[in-house]
Structures are given as structure tokens and as C-alpha cells.
Amino acid sequence: MAASDPHAPLLRPRQPDGSAARPVSLAHLLGRATGRRGASMLVRETAARELEERRADWGYSKPVVALDMLWNTAFVVVSVVMLISTADETPNTPIRLWICAYALQCFLHVVLVWLEYRRRSSRRISVTDEERGEAVSGDVNDSEDEEDSGLFGSNESSITKRCETVNTMASFLWWIVGFYWVVSGGDILLQNAPRLYWYAVSQSIF
């Protein structure tokens, strides 16, 4: 026991020093890990947001928008021509009402797509101008104007998307109604209004 006493003072100071240093190093490591995790999560969220915006921008690119608008405009024109040319037909179901409402929904879709495309195009132009240095970021008034315009653009985009969603849901429900009218009309509808019948069938398919 006497031989081990000289070594005891040398071992005792190390225990409190190690226990005091261990929480400090542990807190330091946790802080660094949390900071890295927060930064990585921020980078992932930013990348996901940019990817989503790129996908949405591709959906509203000029060729896609032109094809979409041309397709729906063709439906509107053909529907108007069909309604005028089949004035002498007497369908036993309100298939004319279905065609009129369907053409109106196509026209509304064209308007909404054009508004969203114009908004995205103006946003791209503004972003390009800012990258070229035409906008002064240090000016308080300019920054407030940019925030106001961005808020207005986001509100306009949300309203357009909501209207497009409502229009899509209404088109789907109206398609079901038209399909029911065509089926319930049967042979009588085919005999009394053959052109309206086949046009409604083609509309239901496409």
C-alpha cells in the first residue's frame, strides 16, 4: 500500500481534467455535426426546389405551351363548327350542352396556360436582368420593389394554379357526365344526331 501511494497523486488529477474536457469536446463535435447536418439539409432543399422549378419551367417551355394551346384551340374551333353544322339534328340527351361546356373549359385552359407562361417569361427576363447587373441590390427602394413584385407574382401564380386545378377537376367530372349521356342516348341518339354522337364519342376518347 505504501508503494502505491506515490503513484496516486499522479493519477488523480487526470480524472477531473478528462471528465471536464470530455463534455467540451463532445459538445463541440455535436455542434459541428449539427451545423453540417443543417447546412446539408439546406443544400438538399435548395437543390430539390431548383429541380422542381426546372421541371415546371420545362412544362411551360415555348414548344410545349404552343402545342397545348394549339390542341385545345382546335377543340374549341371544331366544337363551334360542329354545333353550327348540326343545327338540324335532334339529340335525345343534352349533348349540345356538354359540347358547349367542354369547349368553354378548353378555352379557359388556353387562357390560364397563356397567363402562366407570360408570368414565367417575365420572371426569367427579370432574373436575367438582375444577373447582368441592371438592378442595384444595395438600393433599399429597389429591393422593396422587387419584394413587392415577387409577392405579387407568387400570388398571381397561386391563383392561376388554383384555377387550373379547379378547371381540370371540372373537366374530368364533365367528361363523366358526357360519357353517361352518350351511353344513355344509345341507338336513338345515333339515329337522331349521328354527327353529334360520333363527335361526342371522339371527345370522350381524346
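Let me begin with how helices and strands are assigned: both are DSSP runs, numbered from the N terminus, with a helix being H or I over at least four residues and a strand being E over at least two. With that in hand, the chain reads α-α-α-α-α-α along its sequence, that is, six helices and zero strands.

A word on what we are looking at, everyone. This is a predicted model, where local features need pLDDT of at least 70 and side-chain atom pairs count only at pLDDT 80 or more, while totals for chains, interfaces and linings use all residues. Residues are numbered from 1 along each chain as its sequence is written, and side-chain values use heavy atoms, with hydrogens and water left out.

Now to the record. In an unreviewed entry, UniProt lists residues 64-84, 96-115 and 172-190 under "transmembrane region". Those positions are in the numbering used here, feature names are shortened, and annotations may be inferred rather than shown by experiment. In the model, the span 96-115 is 100% helix and 0% strand, with its end C-alpha atoms 29 Å apart. The span 172-190 is also 100% helix and 0% strand, and there the end C-alpha atoms lie 24 Å apart.

Next, the second largest pocket. A pocket here is found on a 1 Å grid over the protein atoms alone: it is an open set of points with protein on both sides within 12 Å along at least five of seven lines, a 1.4 Å probe is used for cavities, and lining residues have an atom within 4 Å of a point. The volume of this one is about 170 Å³, counted as the space filled by probe spheres set on the points, which are joined across faces, edges and corners. Of its twelve lining residues, the closest to the centre are Asn72, Tyr102, Cys106, His109 and Ser171.

Where does that lining come from? Helix 3 (62-85), helix 4 (95-131) and helix 5 (140-192) each supply at least two residues. The pocket lies between domain 1 (40-89) and domain 2 (94-126), because both give residues to its lining; those bounds come from an automatic or database domain assignment. By type, the lining divides into five nonpolar, six polar and one charged. Nonpolar covers Ala, Val, Leu, Ile, Met, Phe, Trp, Tyr, Cys and Pro, charged covers Asp, Glu, Lys and Arg, and the others, Gly among them, are polar.

On to burial. With a 1.4 Å probe and protein chains only, buried means under 20% relative accessible area, exposed means over 50%, and partly exposed is in between. Of the 206 residues of the chain, 22% count as buried.

Let's visit a few residues. Phe75 lies in helix 3 and is buried at 13%. Thr90 sits in the loop between helix 3 and helix 4 and is exposed at 52%. The C-alpha atoms of Thr90 and Ala193 are separated by 5.8 Å, across 103 residues of chain. Trp175, in helix 5, is partly exposed at 30%.
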